[in-house]
Each structure stands twice: as C-alpha cells, then as structure tokens.
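Q: I would like to learn how to read a structural model feature by feature, with each term given its cut-offs. Could we start as soon as the model is in view?

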Amino acid sequence: MRDIFENGNSNNEQQKKTNNSKYTLWMNSILRRSKEIGKVELPICSIILDERGRCIGRGVNRRNINNDPLGHAEIMALRQASLIKNDWRFNECILITNLEPCTMCASALIQARMGKVVFGAYDKKRGGLGGSINLSKHKSSHHKMEIIGGILEEECSKILQLWFKKLRAQK
Ligand SMILES: [Zn+2]
C-alpha cells in the first residue's frame, strides 16, 4: 500500500531512505508537541518547511480551544506560514504532520499548491490523501502534490490510539 504514496523512482531505495531520515527528525519534534497539546486537544501537530528547509509555520489542533470547526493543525500551520511568506502559494514547500490530513485539509493543501506532504499515520476512515480517498489524484485536483506517508508510522499511530483510549475511559 505504501508504494502508492511514494512518487519518484522506486529503484532508488537507498536514496529514498536517506531523504526520509530528515523527515523522522522533524516528526520526532512534531510528536513531542502533539503529546503536549494532547492534554487539551486531539494530539496533532503540523509544520511547514520552505525551500531552504526552514520551518515557516507550525500549528496544532485548536478546534476545541478556538471553537473553530476549521481549527485543524494543517490549517493553523498554513495560516501562519502564509503570513510569514506573504504568499498563498506553497509549490516549493513541504508540510509534515503526524496524521494523514483529512479531506478538508487535503483540499486546503491542494488549494495552497503545497509541493510535498509528509505524514506519519494513515487515517483509513477520514484520510484525504490515500487512506480513505486520495484527493491529490482526484480529477477535481488541479495541482499534483508529492505524498509520502508512513514516516514513524507506529509511533504516530500509538499516540493517537492512546489518546482515544483515554477519551473513551473518561466517558
Ligand atoms: Zn484536517
């Protein structure tokens, strides 16, 4: 399944591993921040890197904090990065997040012309980039993004599973 999400030359496995290792560093920091926000919100954090690899946007889930149905981590990161960038186009940028973006966020990323999206855990129920539906490959998509899923997949899934388990126990 994972092959579907990785574009480029599959014969260059070593190169791919080297390229992906830089995402695991970012993913570890995303997971630390997710655990922190997990005390009040769904533990999701997203960051956006510019063409030089600098972090220009960071967002956590703020739906409950802000009473905002659009308050997903990806949207928060996009808003911050577009302010810093002073542009709504992200062709040369990378968004990294611990859970596969939902359909709303996947659409927003297509609208933002994000160059690449990297995520940890797949969301088979609500994922908009392959887990449930792949909007980046849908005929309605005017912009094709590179998608890499499954970075630190186990760790990313575990944090979310624990969070939902805790939520169920509280009910
Ligand atoms: Zn979302």
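Q: Which residues of H4 are buried?
A: A residue is called buried if 20 or more other C-beta atoms lie within 10 Å of its own, exposed if 12 or fewer, and partly exposed in between, with the C-beta atoms placed from the backbone. Helices (H or I, at least four residues) and strands (E, at least two) are DSSP runs numbered from the N terminus. In H4, the buried residues are Ala73, Glu74, Ile75, Met76, Ala77, Leu78 and Ala81. This is a predicted model, in which local features need pLDDT of at least 70 and side-chain atom pairs count only at pLDDT 80 or more, while totals for chains, interfaces and linings use all residues. Residues are numbered from 1 along each chain as its sequence is written.

Q: What covers the buried residues of H4?
A: Two residues are in contact if their C-beta atoms, placed from the backbone, lie within 7 Å. The cover of the buried H4 residues includes strand E1 (45-49), strand E2 (55-60), strand E3 (94-99) and helix H5 (103-111). H4 lies across E1, E2 and E3, and runs at about 150 degrees to E2; such angles run from 0 to 180 degrees between N-to-C directions, the axes being lines fitted to C-alpha atoms, for helices over the stretch in contact.

Q: What span should helix H4 have, at 1.5 Å a residue?
A: The expected span is 1.5 Å times one less than the number of residues. For the 13 residues of H4 (residues 73-85) this gives 18 Å, and the end C-alpha atoms are 18 Å apart, which agrees. After H4 comes asparagine 86, with a positive phi near 60 degrees.

Q: In what order do the strands form the sheet?
A: Two strands pair if DSSP finds at least two bridges between them. Here 5 strands form an open sheet of mixed pairing, in the order E2-E1-E3-E4-E5. E2 and strand E5 (146-148) stand at the edges with a single partner strand each, so one side of each has no neighbour in the sheet. On average, neighbouring strands of this sheet are turned by 15 degrees against each other, direction ignored. Strand E4 (residues 116-121) and E5 run parallel and are joined by 3 bridges, with lysine 116 opposite glutamate 146 in E5.

Q: Why does glycine 57 count as buried?
A: Glycine 57, found in strand E2, counts as buried because it has 23 C-beta neighbours inside 10 Å. Leaving aside neighbours within four places in sequence, glycine 57 is in contact with Ile47, Ile48, Ala77, Leu78, Gln80, Ala81 and Ile84.

Q: Which residues touch the most other members of the largest nonpolar core?
A: In soluble globular proteins, nonpolar side chains tend to be buried together. A nonpolar core is a set of buried Ala, Val, Leu, Ile, Met, Phe, Trp, Tyr and Cys residues joined through C-beta atoms within 7 Å. The largest one has 42 residues, of which Ala77, Leu95, Ile96, Leu109, Met114, Val117 and Val118 touch the most other members. H4 gives the most to this core, with 6 residues. Not counting residues up to four places away in sequence, methionine 114 touches Phe90, Cys93, Leu95, Leu109 and Met145.

Q: What pLDDT does the chain average?
A: The pLDDT is the predictor's confidence in each residue, from 0 to 100. The chain averages 91, and 89% of the residues score at least 70. Over residues 1-9, however, the pLDDT is below 50, and this stretch has 10 contacts in the model beyond near neighbours in sequence.
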